[in-house]
Amino acid sequence: KDIFGRVGYDVVCSLMGITTYRDIVRSHEAKLVVLDSGKAIDEVPLMYRERYGSGFMRVNLTGIGNIAASLRAMAAFFEDEGLAERTEQVIREECARIEPVRARCRADFDGMRVAAFEDIFRSNDFAVLSSELGMDVIVVAQDYEAEVYTEEGFTVHVPRSLADGLGESELRAFGLDDAQTVTRLPGCPEIDYPKRAFAWLRVKLDRAQVSTLIAMLAPDLCFAGIEERFGYASATMRSEKFLSDERGTDYMGFDGFERYARDLAQA
């Protein structure tokens, strides 16, 4: 809310946050409804759009790159040059303010390895924050092309930097020698790490292959779902420290980066 206010927005109501009846009854006056959630709860903002003509936009306010992209998209919606200029000013001010903290945090975690299972709520947030700390993030997800949930089909994103450390026979065994290269992780549209180019190899593997590959890459931190589904229990940091029901949205905002790094250090 502080960031929105500095940019120049009037926050009419926070439907799923701290709010009052007085706020809710005037919520239909909002020109734009923004939703930061990985859950399929579009019906409420879509109802606002249909009944009251409100705009609707999904945003992501976790991770520096995601926050900047979301603020710019909101400014573009209103087609207001002054709003766009103030948006850029706030982004510059916030990035300058937290840069010393970011440099210190990156020095602590740069080059560490992380594995995340995307089906666990908020894993996308952990993946983008880890990437912005300079970690190499491995993401395992259900097969995107499958029409039903399966226990065997998984889509795996392997950082190219880690794949380069594997031998030719190992690359062939997992199909990494002929894998598609992508520059963004699923659910993580923007990652802000100056002067670093991100690239992942995307492959489809069965459960046994995923288990073998994770053990081979030996991540330092595994989020919820990796140990439970693929049996990797050798991570230095325990995933129990980072569950969505305990953390929720603690890492949102420009200062969320530092809170995340602090909790990693404690783990």
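Student: How do you know that the side chain of serine 27 makes a polar contact with the backbone oxygen of isoleucine 24?

Tutor: This is a predicted model. In it, a polar atom of the serine 27 side chain lies 2.7 Å from the backbone oxygen of isoleucine 24. The cut-off is 3.5 Å, so the pair is within it.

Student: Where is serine 27 found?

Tutor: Serine 27 sits in the loop between helix H2 (21-25) and strand E1 (32-35).

Student: Why is serine 27 called buried?

Tutor: Its relative accessible area is 6%. Buried means under 20%, so serine 27 qualifies. Serine 27 touches Val12, Cys13, Leu15 and Tyr48, leaving aside residues up to four places away in sequence.

Student: Which residues of helix H12 are buried?

Tutor: In H12 (residues 256-266) they are Gly256, Phe257, Tyr260, Ala261, Asp263 and Leu264.

Student: What makes these buried residues line one face of the helix?

Tutor: Look down the axis of H12. The buried residues fall within an arc of 160 degrees, so they line one face. Ala265 and Gln266, on the other side of H12, are exposed.

Student: Which strands form the open sheet, and in what order?

Tutor: Six strands form it, in the order E6-E7-E5-E4-E3-E8, with mixed pairing.

Student: Why do strands E6 and E8 count as edges?

Tutor: E6 (180-182) and E8 (221-222) each have a single partner strand, so one side of each lacks a neighbour in the sheet.

Student: How do you know that E6 pairs with E7?

Tutor: Pairing needs at least two bridges. Three bridges join E6 to E7 (residues 200-205), and the two run antiparallel. Valine 182 has tryptophan 200 in E7 as its bridge partner.

Key. Residues are numbered from 1 along each chain as its sequence is written. This is a predicted model: local features need pLDDT of at least 70, side-chain atom pairs count only at pLDDT 80 or more; totals for chains, interfaces and linings use all residues. Side-chain values use heavy atoms; hydrogens and water are left out. Helices (H or I, at least four residues) and strands (E, at least two) are DSSP runs, numbered from the N terminus. Buried means under 20% relative accessible area, exposed over 50%, partly exposed in between (1.4 Å probe, protein chains only). A polar contact is a pair of N or O atoms within 3.5 Å; within protein, one must be able to donate a hydrogen and the other to accept it, and residues adjacent in sequence count only if both atoms are side-chain atoms. Contact means heavy atoms within 4.5 Å. The arc is that of the directions from the helix axis to the C-beta atoms.
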